[in-house]
Amino acid sequence: MANDTTDSPDDSVSDPPAVGRPSLRRVERSEATLEGERVVILRDPLGIAESFALDADFAPVLDLLDGSRTPAQIGQSLRMRGVLDLPTDDLAAFVGALSEQGWLDDESFRDRWAALHADFLEQDPRAPRFADVFYPADPGRLASTLAAHLGDQPRTCSGASTVGVVLPHGPLDQMAAVLDATLRDLPPADEVDVVIVLGSDHGPGLLPYAAARRGYDTPLGPVALDTATADALDRRLPWAFREEIRHRSAHSIELAAILLRAVYADHVPPMLPVLCGASVLRARDPEAGERFVATLDALLEGRRALIWGSAELSHGGVAYGRPALDRAGVQALEDRDRACLDDLVRGRHGALRDRCAAEHPQGRPSGGPVLATFHQLLPEARIEVCAYETATTAGPGGVGSGVAGFAGLRARRR
């Protein structure tokens, strides 16, 4: 059999030494139609590179950016397969632009990451990143928006039995009804020692959990870090803070901090922010997540803790880089969401984890790791579903539509 030469170097063309064998980082890709043209939209879960759309004809190029080929080899492979005939200089320029913008796993990306990491570590509290995206940046407008959605009724009650809530983290207008139904009968600030905020992490973290040694700032004022809990966790489980940079793009906790300020104003209790990653359900070291939860649970012994989950359920459709949904598809996602909620309410922890971890064409429920952790920290609580609804969403630049499942949960002492 003749050797396959489709990926062999083209001796007649050489690559610039700096280009090497480019490798695309682990990023999100979705296809859409923009102004009649098919495009591929790239999104960086770490927020290092800015999202952009490129002609769908370039998708095969992205497929070959796996670190094993030079641009010349990539170009020859595409030509011999009859996929795309692109001059090597143009291909090298395209790869160079990807490198400069932080899309490749190379020194350019590592330099950008190091600069952002250093900047993030100097922020205490963490600065808002999603103002005027999910909520108004102006404090007056934000307060008015929250008041319009939540009204002026009291949200706390002395002696309340509530020990935890789970809320979505989308745009305020989309989840107003869920917030109103869930943010009730909360303990007042003087009856809460610490708020453990469990946020959904949509990035590719290696560790199941990433805690932060800093509070979160908001247009309404900061939510301070509970340094005593953070210090104790650091002494017992130092790896819990190893991937703190994941909090740079943690919009789930940023929205939770705003809601905490909306409920407690200037008397908001201190918090420990914790991101829950996908490896909570699919860990390479299954015991790591168990150790984290057991350690945190021990640290909270004898303290009045409020567990605050920031999580959503299914995210399906073109807006999320998945197949288009028809009515039956939407119903199937709603059914899965309700089954997850039923598992949680009935205390079926194993069934909940399995359901949230199962492969699905529309992806897994994004808040599965938060829901699983919420249940582990409150195994004896009575959990109730306050509200559930789906919201129609638009993709980047308004391209494509999708459906997101929003639920509000409240956990009470038995």
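Mentor: Let's start with Ile 307: leaving aside neighbours within four places in sequence, Ile 307 is in contact with Val 163, Gly 164, Val 165, Ile 196, Leu 198, Leu 300, Phe 374, Leu 377 and Leu 378. Keep in mind that this is a predicted model.

Trainee: What makes these residues count as being in contact with Ile 307?

Mentor: Contact asks for heavy atoms within 4.5 Å. The residues I named meet that test with Ile 307.

Trainee: Which residues touch the most other members of the largest nonpolar core?

Mentor: That core has 47 residues, and Ile 196, Leu 198, Leu 233, Leu 272, Phe 292, Ile 307 and Phe 374 touch the most other members. Apart from it lies another core, of 39 residues, including Phe 130 and Phe 406.

Trainee: Why is helix H8 described as largely enclosed?

Mentor: Buried means under 20% relative accessible area. In H8, 13 of the 14 residues are buried, so the rest of the structure largely encloses this helix.

Trainee: How do you know that the span of H8 is close to the expected one?

Mentor: The helix covers residues 251-264 and reaches 20 Å from its first C-alpha to its last, where 20 Å is expected at 1.5 Å a residue. After H8 comes Ala 265, with a positive phi near 55°.

Trainee: What about helix H10: which of its residues are buried?

Mentor: Among them are Gly 329, Leu 333, Arg 336, Cys 340 and Leu 344. The cover over the buried residues of H10 includes helix H11 (349-357), helix H12 (368-377) and strand E10 (382-394).

Trainee: Why is Ala 224 called partly exposed?

Mentor: Partly exposed lies between the 20% cut-off for buried and the 50% cut-off for exposed. Ala 224 has a relative accessible area of 47%, so it is partly exposed. You will find Ala 224 in the loop between strand E6 (209-211) and helix H7 (227-236). Not counting residues up to four places away in sequence, Ala 224 touches Gly 215, Pro 270 and Met 271.

Trainee: Last one: what lines the second largest pocket, by class?

Mentor: The lining has 12 nonpolar, 3 polar and 7 charged residues. The pocket holds about 490 Å³ of space. Of its 22 lining residues, Val 163, Arg 303, Ala 305, Leu 378 and Arg 413 are the closest to its centre. Strand E8 (305-310) and strand E4 (162-167) each give two or more residues to the lining, and E8 supplies the largest share, 3 residues.

Note on methods:
Residues numbered from 1 in each chain as written. Predicted model: local features only at pLDDT ≥ 70, side-chain atom pairs only at ≥ 80, totals over all residues. Heavy atoms only, no water. 1 Å grid on protein atoms, 1.4 Å probe; cavity = no way out; pocket = protein on both sides within 12 Å on 5 of 7 lines; lining within 4 Å. Points joined across faces, edges and corners; volume = space filled by probe spheres on them. Helix = DSSP H or I, 4+ residues; strand = E, 2+ residues; numbered from the N terminus. Nonpolar A, V, L, I, M, F, W, Y, C, P; charged D, E, K, R; others polar. Core = buried A, V, L, I, M, F, W, Y, C linked by side-chain atoms within 4.5 Å. Buried < 20%, exposed > 50% of the residue type's maximum accessible area, 1.4 Å probe, protein only. Expected span 1.5 Å × (residues − 1).
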